[in-house]
Structures are given as C-alpha cells and as structure tokens.
Amino acid sequence: MENLRKVFVTGVFRKRLVNAVDGVSFTISSGETLGLVGESGCGKSTLARVVLGLIPPSGGRIFFHGQEITEARAAELKKVRRKMQIIFQHPESALNPRMKIYDSLVEPMRIHRLVNNRREEKKKAEELIELVGLHKEHLDRYPHELSGGQIQRVVLARILSLQPEFIVADEPTSMLDVSVQAQMLNLFKEIQKKFNISYLFISHDLEVVRWMSDWVAVMYAGSIVEIGPVEKVCENPRHPYTLTLVSAFYAPANNVSEFTKVTDFKAARHLSGCKFYPFCLEANSVCKKKPDLKEVEKNHFAACWHL
Ligand SMILES: Nc1ncnc2c1ncn2[C@@H]1O[C@H](COP(=O)(O)OP(=O)(O)OP(=O)(O)O)[C@@H](O)[C@H]1O
C-alpha cells in the first residue's frame with residue numbers, strides 16, 4: 001500500500017470532509033501477519049475496505065505481488081479478488097440465515113467454477129469443514145443452529161475454499177467468549193502455517209495483535225504513527241501514542257503516563273486544533289497546543305458533536 005487516502009464527504013446542509021485514511025503505506029510479506037491497532041474511529045475498517053477494493057481510495061496505490069491493482073479492470077480484479085478475502089467481526093451477517101451451512105460453504109466454489117461435479121463439491125465441503133475443526137454433521141444445519149464461534153469457523157472455511165493468499169481479519173474474534181477467542185486465534189495461525197497465507201489482522205486489543213502478528217502498525221487519526229516488528233514495538237514503543245497504548249495494557253494503572261488522564265481524546269483534539277493532540281511528535285511527546293483540560297471536560301459533548 002502506497003500513500004493510501006480515503007476522504008468521506010458527509011453532511012446534508014454543510015458539507016464536511018472526514019480524512020478517514022490519511023497517507024498510509026505498508027507492505028505485508030507472504031505468510032506474514034501485520035497487526036493493525038488503534039482506537040475506535042481511527043480508520044482501521046476503512047483502511048481494510050480500501051485495501052480490498054471494496055471502496056475506492058481517494059488517493060494512493062495498491063499492489064498485489066508487485067502488480068498495481070488500484071485501477072485494475074473488472075476481469076483482472078475478479079482473479080485477484082479471489083486471492084484477497086475478508087473476515088468480519090459479525091460472522092452471522094456473512095451467512096444467509098435461510099441457507100444450510102453446506103450451501104453457504106459451496107456457493108463461492110460454484111461461482112468461481114472451482115469444482116467439476118456434485119461429488120467433488122461434497123468431498124471438498126467435508127474436507128473444509130473438518131479443516132476448521134467442525135464435523136460433517138454441521139453441514140446439514142442452519143446458521144441459527146450454530147454458536148458464534150462455530151459460525152466464524154464456517155466463514156473461515158468458506159474463505160479457504162477460494163484458496164486465498166491474503167486475508168484481512170477485521171476484529172474477527174472480538175464478539176466471541178474469551179476461551180473461544182483463543183481457539184479461534186490458534187486456528188488462524190494453524191491455517192496460516194498450512195497455506196502460507198498473509199494476514200492484515202485488525203484489533204483494538206494489543207495483546208491479541210501481539211499474539212497474532214509478526215509486525216504491528218499503530219494507527220491514530222487516519223495515519224500510521226508507528227510500524228515495526230511486534231516485539232520491538234511492544235517492548236520499546238517510540239511514538240507517544242504507542243507508549244500510551246502499551247502502558248494501558250501492560251503497566252499498573254498508577255504508572256500510566258500523564259497525558260492518558262485526558263479521557264476524551266477526540267474532544268481534546270478538537271479544542272486544541274491539532275490532529276495529533278496529545279501525541280504530537282513535533283512537540284516532544286506533549287503537544288504545545290495543549291488545551292485546558294477543564295475546558296475539555298466542560299466542552300466534552302459540544303466538541304464531540306462537532307467532530
Ligand atoms: N461511509 C462513511 N461516511 C462518512 N464517514 C465515515 C464512513 N465510514 C467511516 N467513516 C468515518 O471515518 C472514520 C474512521 O471510521 P472506521 O470505521 O474506519 O474506524 P475504526 O478504526 O474501524 O473504528 P472501530 O474500531 O470503532 O470499528 C470515523 O470518523 C467514521 O465516522
């Protein structure tokens with residue numbers, strides 16, 4: 001990804017521009033995972049959608065195997081799209097509630113003509129369902145007869161039927177119980193090893209990202225403020241925002257740095273007029289445009305309303 005940007009235009013009477021993704025660049029190598037962390041609303045999901053071509057970028061370039069696909073024609077894109085898949089936070093919405101699991105599972109293979117006959121299709125469906133730790137009996141059920149974790153496994157099997165090389169996982173386990181989450185994360189890892197798949201793994205949970213990733217990118221207000229090998233970034237964060245993120249996860253509460261006391265960063269950012277407040281690097285970790293914190297509290301709702 002090279003200098004990707006996505007600007008949304010909102011507002012009916014007064015147009016407003018939202019720089020959801022603001023000049024993002026990164027590379028993911030074959031078989032590796034890049035974790036993407038950041039607070040809610042920083043642009044993670046928008047970036048995921050732009051990366052996969054689900055929404056067009058406002059600027060920048062996207063490459064797959066070194067070939068630019070930003071403005072590829074429909075026929076070329078269809079081939080590439082099969083290799084790039086996404087798994088979402090809410091698995092239920094990925095399956096048709098009126099279709100049996102079998103039919104949902106084989107649907108993409110039919111569309112892409114990856115099976116020659118019904119016998120081959122059935123064999124493939126059984127292999128896939130077992131690959132994700134479920135049983136043949138599950139194929140005969142409807143989505144409402146499965147648990148959230150089981151549905152997420154079916155969604156993964158469905159994606160795997162297309163032999164993807166790159167999967168964007170957008171908070172794929174955040175709706176699951178903690179114990180099921182761990183099983184699912186391990187399954188993602190096993191599958192990666194088996195098929196040499198690359199992941200862009202999005203989460204707001206630094207621990208999950210640390211467990212899953214080789215590299216981590218820290219996103220803040222639409223930009224990547226820090227990127228590097230996951231252990232290096234977690235052990236030795238360089239950007240003040242990463243420091244806060246790491247402290248919040250790993251340090252005792254009384255050790256969290258001073259500026260994390262500002263609980264509403266959006267309000268503070270608005271009042272200071274600095275996009276990166278309070279993590280502005282220019283000002284040596286604490287932004288010079290620091291607003292009066294009492295004002296931040298007082299104007300909390302008004303400021304959020306304007307944002
Ligand atoms: N279709 C849209 N039109 C206008 N603004 C949008 C649209 N989609 C997202 N945004 C805005 O872009 C910004 C980034 O949103 P996005 O959903 O990418 O954040 P996120 O980091 O994925 O958040 P979360 O972790 O809560 O899902 C937000 O300010 C959001 O309000």
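Author: Helix axes are lines fitted to C-alpha atoms over the stretch in contact, and angles run from 0 to 180 degrees between N-to-C directions. Helices (H or I, at least four residues) and strands (E, at least two) are DSSP runs, numbered from the N terminus. This is a predicted model: local features need pLDDT of at least 70, side-chain atom pairs count only at pLDDT 80 or more, and totals for chains, interfaces and linings use all residues. Residues are numbered from 1 along each chain as its sequence is written.

Reader: Why are α3 and α4 called roughly perpendicular?

Author: Helix α3 (residues 101–111) packs against helix α4 (residues 118–131) at an angle of about 110°, with the axes 10 Å apart. Angles of 65 to 115 degrees count as roughly perpendicular (under 35 is roughly parallel, over 145 roughly antiparallel, the rest oblique). The pair α3 and α4 is therefore roughly perpendicular.

Reader: Which residues of α3 and α4 meet?

Author: Tyr-102, Leu-105, Val-106 and Met-109 of α3 meet Glu-121, Lys-124, Ala-125, Leu-128 and Ile-129 of α4; contact requires C-beta atoms, placed from the backbone, within 7 Å. Seven of these contact residues are nonpolar, none polar and two charged, where Ala, Val, Leu, Ile, Met, Phe, Trp, Tyr, Cys and Pro count as nonpolar, Asp, Glu, Lys and Arg as charged, and the others, Gly among them, as polar.

Definitions and conventions
Contact = placed C-beta atoms within 7 Å.
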